[in-house]
Amino acid sequence: METIVIVIHVLACIFLIGAVMLQSGHEGMGVIFGGGSSTMFGSTGAGGLLVKVTAGLATVFLLTSLGYNILTGNKVASQDSIMLQQNAPAAETTAPAAPAKPGVTFKDTGDDAKNQ
């Protein structure tokens, strides 16, 4: 079942890209930033076969995305978390003791050392 949903999803992606690329841009790049005509769907309206095909393919894309998520999402929830498993207690590791440093003695080079 997952394979069928993925195949439909990939085909919808390919055809959706094609449908969007076939549409001609009437307004140019200014529409992205809020410019263009004052009507909601542009100067030609919302009709046209290509617009309806694009909307249908976008719907198929959305439904296959959600469907695949639902199909595969339950498998992860049924497994236990690795953090919750406590089969073996954690081995306590202790740092090795630092080697003892030899003592350092300083000779007093001040006035007291000269007097002795």
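## Thr64 and its polar contact

The side chain of Thr64 comes to 3.0 Å from the backbone oxygen of Phe61. This is a polar contact: a pair of N or O atoms within 3.5 Å, where, within protein, one must be able to donate a hydrogen and the other to accept it, and residues adjacent in sequence count only if both atoms are side-chain atoms. The model is predicted, so local features need pLDDT of at least 70 and side-chain atom pairs count only at pLDDT 80 or more, while totals for chains, interfaces and linings use all residues. Residues are numbered from 1 along each chain as its sequence is written, and side-chain values use heavy atoms, with hydrogens and water left out.

Thr64 sits in helix H2, residues 49-78. Thr64 is buried, at a relative accessible area of 9%. Buried means under 20% relative accessible area, exposed over 50%, and partly exposed in between (1.4 Å probe, protein chains only).

## Thr64 and His9

Contact here means heavy atoms within 4.5 Å. With neighbours within four places in sequence set aside, Thr64 touches Val5, Ile8 and His9. His9 belongs to helix H1. Its relative accessibility is 17%, so His9 counts as buried. Under the rule that leaves out neighbours within four places, the contacts of His9 are Phe61, Thr64 and Ser65.

## Surface

Ile14 is also in helix H1. Ile14 is exposed, with 51% relative accessible area.

## Chain and confidence

The chain holds 3 helices and 0 strands. Helices (H or I, at least four residues) and strands (E, at least two) are DSSP runs, numbered from the N terminus. Of the 116 residues, 8% are buried. Among contacts with a separation of 6 or more, 86% join residues 24 or more positions apart.

Mean pLDDT, the predictor's confidence in each residue from 0 to 100, is 74 for the chain, and 58% of the residues score at least 70. Confidence is highest in helix H1 (residues 2-22), at a mean of 92, and lowest in helix H3 (residues 111-115), at 59.
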